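Hi everyone, thanks for coming. Let me put a model on the screen, and then we'll walk through one part of it together.

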Amino acid sequence: MTDTPAPDLKPSFRNDVTVELVKHAATDSDVLWAARVSTAGEQSLEELQKDPERSKGLINYLMRDRHGSPFEHNSMTFFISAPIFVFREFMRHRVGWSYNEESGRYRELQPVFYVPGTDRKLVQQGRPGKYEFVDGTAAQQELTERVMEGSYRRSYEAYQEMLAAGVAREVARATLPVGLFSSMYATCNARSLMHFLGLRTQHELAKVPSFPQREIEMVGEKMEQEWARLMPLTHAAFNTNGRVAP
């Protein structure tokens with residue numbers, strides 16, 4: 001079966017990403033009962049009724065000394081819309097993550113494409129391991145927008161032409177670039193999210209420097225905002241201890 005392409009679809013362009021927390025079972029108490037079972041057994045269930053603020057020192061100790069498993073007994077599911085190249089970096093994170101992404105085999109892909117905003121640094125300087133990104137000129141910004149938008153329009157026209165001729169979606173999609181927006185659900189726990197944030201965000205409190213691509217960092221920043229709201233004590237301990245995953 002092939003698509004009859006929608007005739008009125010025209011390319012649109014974005015410079016942002018979407019991150020929505022759609023489901024969660026994640027609190028600071030989850031860390032405490034998981035940790036205390038090792039010494040308290042069934043009495044650890046009492047942590048479910050206690051204010052976790054009373055035990056924030058234990059959370060900090062677990063983070064500091066890298067006792068990681070108590071941070072795994074929680075779950076967060078995010079809906080994310082971002083360029084395909086972001087997802088290809090994202091899916092290098094495999095431990096503690098589950099993904100389901102929209103498929104270009106089963107649906108006609110929508111013509112939404114990524115073009116960097118004016119706040120996106122365009123020029124790379126330095127050598128591997130010491131890259132620095134600086135602002136581009138007005139001419140470079142104009143060139144980037146014009147060339148990317150023109151390339152996107154041509155590739156989507158080719159995609160539509162192939163679909164109209166009866167070519168299968170899974171074949172026609174090969175004409176589309178990695179700047180195309182895709183969407184997925186990503187499920188993780190606090191430990192796996194901390195590992196992601198340690199690698200994919202830059203932060204003044206980080207003990208270990210990271211040099212993420214800005215677009216995946218944008219996703220990470222939005223995920224971190226949601227997580228910090230759900231597990232404020234764990235998030236604070238993460239920052240206090242250099243943003244290193246336990």
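How many helices and strands are there in the chain? There are eight helices and eight strands, taken as DSSP runs numbered from the N terminus (helices are H or I, at least four residues; strands are E, at least two).

A word on the source: this is a predicted model, where local features need pLDDT of at least 70 and side-chain atom pairs count only at pLDDT 80 or more, while totals for chains, interfaces and linings use all residues. Residues are numbered from 1 along each chain as its sequence is written, and side-chain values use heavy atoms, leaving out hydrogens and water.

Of the 246 residues, 41% count as buried, meaning under 20% relative accessible area with a 1.4 Å probe, protein chains only.

Now to helix α1, residues 28–40. Its buried residues include D28, V31, L32 and A35. The buried residues of α1 pack against β2 (18–25), α2, α7 (214–230) and α8 (232–240).

Let's stay with α2, residues 56–64. The α1 and α2 axes, which are lines fitted to C-alpha atoms over the stretch in contact, lie 10 Å apart at an angle of about 75 degrees. The two helices are therefore roughly perpendicular, the label for 65 to 115 degrees.

Which residues in α1 meet α2? They are D28, V31, L32, A35 and R36, and they meet L58, I59 and L62; contact here is heavy atoms within 4.5 Å.

Terms used: Axes fitted to C-alpha atoms, helices over the stretch in contact; angles between N-to-C directions. Parallel < 35°, antiparallel > 145°, perpendicular 65-115°, else oblique. Buried < 20%, exposed > 50% of the residue type's maximum accessible area, 1.4 Å probe, protein only.
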